[in-house]
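Trainee: Please take me through one part of this structure in detail. I would like to look at a cavity and the strands around it.

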Amino acid sequence: MFHTLDSFDTDFPADSVEWCPANLFRDIFVCGTYQLMKDNEATLDKSKSLKRLGHIYMFRVIDNGRLYLLQMLKVPAVLDMKWMHVMYQNKILLGVVNSLGYLQVYQLKSDEGKEALKLLTETKISHSDDVLALSLDWCTGRWMDNNKSNSKIVVSDSKGYVSLFEINENELNKINSWPAHEFEAWIAAFDYWNINVIYTGGDDCKFQVFDTRIGTHPIALNKIHGAGVTSIHSNATKEFLLSSGSYDDTLRLWDTRNLKRFVSETNLGGGVWRLKWDPFARKYLLAACMYGGFKIIDCERTEAPSVIGEYKHESLAYGCDWSLLNSAEITERIHRTQERNVFLIGTCSFYDHVLKLSATYLRDD
């Protein structure tokens with residue numbers, strides 16, 4: 001099912017992988033790291049804010065599935081990264097949230113064939129110095145290439161707050177911020193079919209829905225998850241389909257028209273830290289299951305999802321994503337095979353600080 005093509009030692013623990021969606025750069029992805037330093041290792045300062053360090057690595061996949069390092073940025077520890085799904089004023093943008101409580105937006109620039117990330121703008125999400133920015137999502141609808149003049153970003157943080165920002169020109173402006181959870185707000189995500197709707201999950205086991213048009217009180221709330229809610233991902237092809245993951249090891253699928261009861265629940269054998277719908281038919285979910293490794297789940301039958309692939313690292317499975325390269329592009333130059341339905345996947349694990357590139361074959365029904 002999985003065929004490892006290449007691997008890379010990220011030095012610090014790795015927790016995030018995100019593939020670029022832009023047409024000419026779909027062979028590029030980024031990986032983020034997070035290192036909690038001991039006092040005597042924090043050489044710059046003894047202050048608490050400088051004990052969490054990180055990197056942003058940017059790679060290109062070259063012939064025969066090898067990883068080519070394009071850039072390495074030394075940054076505060078990275079908690080989450082997301083590419084904007086569409087072009088923004090002809091710019092390719094990457095959002096990053098970090099341990100100093102900043103939302104940053106980088107622009108991918110290509111100069112004479114050399115690609116590099118350049119910081120475009122940043123803002124602190126809170127006045128408090130001890131807030132970690134934990135997750136972000138772009139409000140770009142169903143990945144339609146509309147090149148809108150502005151777009152919104154939702155960010156969740158370690159104090160349980162959710163904040164909404166708008167990028168306009170090259171500035172980030174805070175629209176609103178509200179206390180959504182009693183403890184860490186692990187995840188915040190937009191509904192890709194209704195950009196006014198935001199889903200949030202927290203360490204208080206709450207799964208909530210907010211409509212930004214009518215205030216900061218949830219329009220729906222449940223505590224069905226048996227532990228902290230860590231991952232939520234809207235399906236950009238199937239209008240009412242939503243996935244959620246939790247520390248309780250369980251993947252849940254939802255019909256957003258009735259969030260009082262899940263459509264199905266599937267035990268994945270590890271805390272579900274990240275969930276990603278595949279970028280094509282969006283019937284497969286890629287899950288990072290912490291101690292349970294990485295799983296691919298076929299969700300064609302939403303009432304009875306089935307695990308069809310497993311991929312183990314030696315450590316905590318945290319970051320994962322699908323490449324947007326199609327099967328023909330992959331088999332032409334990256335991984336030559338007679339298989340027809342080939343996907344390229346990036347995965348990373350924490351304490352062993354390993355990033356892996358692999359090809360996986362899924363049945364083409």
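Mentor: The second largest cavity is lined by Asp15, Ser16, Val17, Glu18, Leu79, Asp80, Arg274, Lys276, Gly319 and Cys320. A cavity is a set of points, on a 1 Å grid over the protein atoms alone, where a 1.4 Å probe fits but cannot get out, and a lining residue has an atom within 4 Å of a point. This is a predicted model, in which local features need pLDDT of at least 70, side-chain atom pairs count only at pLDDT 80 or more, and totals for chains, interfaces and linings use all residues. Residues are numbered from 1 along each chain as its sequence is written, and side-chain values use heavy atoms, with hydrogens and water left out.

The volume of this second largest cavity is about 50 Å³. Volume here is the space filled by probe spheres set on the grid points, which are joined across faces, edges and corners. Searching the whole structure gives two cavities of 30 Å³ or more.

Now the strands. At least two lining residues come from each of strand S2 (14-19), S7, strand S23 (274-277) and S27. Strands are DSSP runs (E, at least two residues), numbered from the N terminus. S2 gives the most to this lining, with four residues.

Take S23 next. Arg274 and Lys276 point one way, Leu275 and Trp277 the other way, and all are buried. Buried means under 20% relative accessible area, with a 1.4 Å probe and protein chains only. In a regular strand the side chains alternate between the two faces of the sheet. S23 runs antiparallel to strand S24 (residues 284-288), and four bridges join them. Two strands pair if DSSP finds at least two bridges between them. Leu275 has Ala287 in S24 as its bridge partner. The two strands, S23 and S24, form a hairpin with six residues between them. In that turn, Arg282 has a positive phi of about 55 degrees.

S7 belongs to an open sheet of four strands, in the order S7-S8-S9-S10, with antiparallel pairing. Strand S7 (78-83) and strand S10 (114-124) are at the edges, each with a single partner strand, so one side of each has no neighbour in the sheet. From one strand to the next, the twist averages 25 degrees. Such angles run from 0 to 180 degrees between N-to-C directions, with axes as lines fitted to C-alpha atoms. Five bridges join S7 to strand S8 (residues 92-98). Met81 has Val96 in S8 as its bridge partner.

Tyr318 is buried, at a relative accessible area of 15%. Tyr318 and Asp15 are 303 residues apart in sequence, yet their C-alpha atoms are 4.9 Å apart in space. Contact means heavy atoms within 4.5 Å. Beyond neighbours within four places in sequence, the contacts of Tyr318 include Asp15, Arg274, Ala288 and Cys348.

Thr230 sits in strand S19 (residues 229-234) and is buried, at 0% relative accessibility.

A disulfide is a pair of cysteine sulfur atoms within 2.5 Å. The count by this rule is zero. The closest cysteine sulfur to that of Cys31 is in Cys348, 4.4 Å away, which is too far for a bond. Cys289 is in no disulfide either, as the nearest cysteine sulfur, in Cys320, is 8.1 Å away.

Key:
Buried < 20%, exposed > 50% of the residue type's maximum accessible area, 1.4 Å probe, protein only. 1 Å grid on protein atoms, 1.4 Å probe; cavity = no way out; pocket = protein on both sides within 12 Å on 5 of 7 lines; lining within 4 Å.
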